[in-house]
Amino acid sequence: MSGTPARTADAATAAEVVCLGESMVTFLPSQPGRLADVPSFGRGIGGAESNVACALAAAGHRTAWVSRVGADGFGDHLVGAIAGYGVDTSGVRRDSSRPTGIYFRTATDRATDVHEVAYYRAGSAASAMSPRNIPYETLPAARVLHLSGITAALSADCLDLLHDLTAPRPGRPLISFDVNHRPGLWRDADASPEVLLGLARRSDLVFVGEDEAQEAWGVTGAEAIRAALPEPSVLVVKRGAEGATVFSGAGGLPGSGNVPGADDVTTVPALRVDVVAPVGAGDAFAAGFLSATLRDLPVRDRVRHGHLMAAAVLTVPGDLTAPPARAHADALAALDDEAWGRLRLGPGWTGDDQEVRTT
């Protein structure tokens, strides 16, 4: 980290989690179909790191979002919408010479061939983030700094920033890193696998999907992914409908240092969900896992809270929604394996007056 940041917040007021990365105004289709055929779009917000910040804030945690936006109406909308979730946006800087990024997407799953995304983010304010213009004073008091591989793809300056933030040093926050491999964002797609692998190896807690590990590194299966990433204290391998497998070294506590070959391995099945829109689930899963980590819950319950937060987003049209009340989520996470396996969650399940179905 460039220089020694001043510690300006005490433990009682500082954000527990600082999320750094680009957020954009998202234009959501009014109906399914090709972008060429959709007649109108509704406005929302989208950004992996800000999604995590918003979900954690809605779950009762102190969070901050650090980024850059344009000095324009879209920047006003982003900052206001994210602050509306209870996120501290004082670390967001305005750029009068660069615009806020926007994008349009179809309603289909990102993993399908018919999914389309049209990004208008080249030269955006966030792509100018660098070690020279980020408010480092917001970081040292945080317990967790959450980053993603998307930021690394935006520009050489952004990659320099991630290298700076993930550099080993005494007293750094726990580094949470979501690989978020997006080949279409990289100018040099051939370089992205090595870059992402290097950043993940410098992090304490890593989230990666089996599908993206295979695409980026040619590695298949949770055990092989762990072999490729032995350094993080906690590695969360997301396995889609199969659930998630967590490798937790040194007793399973992020930041405590890993002992190769000393992993505890925890696999938790995914929930059955009546999906409304298959977007935002990965960010919600990370938020649920981080929330439970901040509360020092057992590894199994951290994964279950990740699944529950993801289910909340999957059962609404947008990328963000109110999570289940903490007591509600805790009760579900505490179910025995048989009862957990019988759960089926659909629209409205997070409400206090809603019954959760079992089969």
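Nine strands make up an open sheet with mixed pairing in this predicted model, in the order β5-β4-β1-β8-β9-β10-β11-β12-β13. Strands here are DSSP runs of E with at least two residues, helices are runs of H or I with at least four, and both are numbered from the N terminus; two strands pair if DSSP finds at least two bridges between them. The edges are formed by β5 (92–95) and β13 (264–268), each of which pairs on one side only. On average, neighbouring strands of the sheet are turned by 15° against each other, direction ignored. Axes are lines fitted to C-alpha atoms (for helices, over the stretch in contact), with angles running from 0 to 180 degrees between N-to-C directions. Strands β1 (residues 17–20) and β4 (residues 63–70) run parallel and are joined by four bridges, and L20 stands opposite V66 in β4.

A word on the basis of these values: residues are numbered from 1 along each chain as its sequence is written, and side-chain values use heavy atoms, with hydrogens and water left out. As the model is predicted, local features need pLDDT of at least 70 and side-chain atom pairs count only at pLDDT 80 or more, while totals for chains, interfaces and linings use all residues.

Turning to the helices, α4 (residues 156–165) lies across β1, β8 (144–148) and β9, running at about 145° to β8. Helix α5 is mostly covered, with seven of its ten residues buried, where buried means under 20% relative accessible area, exposed over 50% and partly exposed in between (1.4 Å probe, protein chains only). These buried residues are S192, P193, V195, L196, L197, L199 and A200. Their cover includes α4 and β9, along with α3 (149–154), β10 (205–209), α6 (210–217) and α7 (222–228).

The loop between β9 (174–178) and α5 (192–201) holds N180, which counts as buried because its relative accessibility is 7%. Leaving aside neighbours within four places in sequence, N180 is in contact (heavy atoms within 4.5 Å) with A48, S148, G149, I150, E212 and D283.

On a 1 Å grid over the protein atoms alone, a cavity is a set of points where a 1.4 Å probe fits but cannot get out; a pocket is an open set with protein on both sides within 12 Å along at least five of seven lines, and lining residues have an atom within 4 Å of a point. Points are joined across faces, edges and corners, and a volume is the space filled by probe spheres set on them. The count comes to one cavity of 30 Å³ or more, and the largest cavity holds about 60 Å³. Helices α1 (48–58), α8 (281–294) and α9 (299–314) each supply at least two lining residues, with α9 giving the most, three. By class, this lining has seven nonpolar, three polar and two charged residues (Ala, Val, Leu, Ile, Met, Phe, Trp, Tyr, Cys and Pro are nonpolar, Asp, Glu, Lys and Arg charged, and the others, Gly among them, polar).

Helix α1 also contains C54, which counts as buried because its relative accessibility is 1%. Residues up to four places away in sequence aside, C54 touches I82, Y85, V87 and L320. C54 and A284 are 230 residues apart in sequence, with 9.5 Å between their C-alpha atoms.
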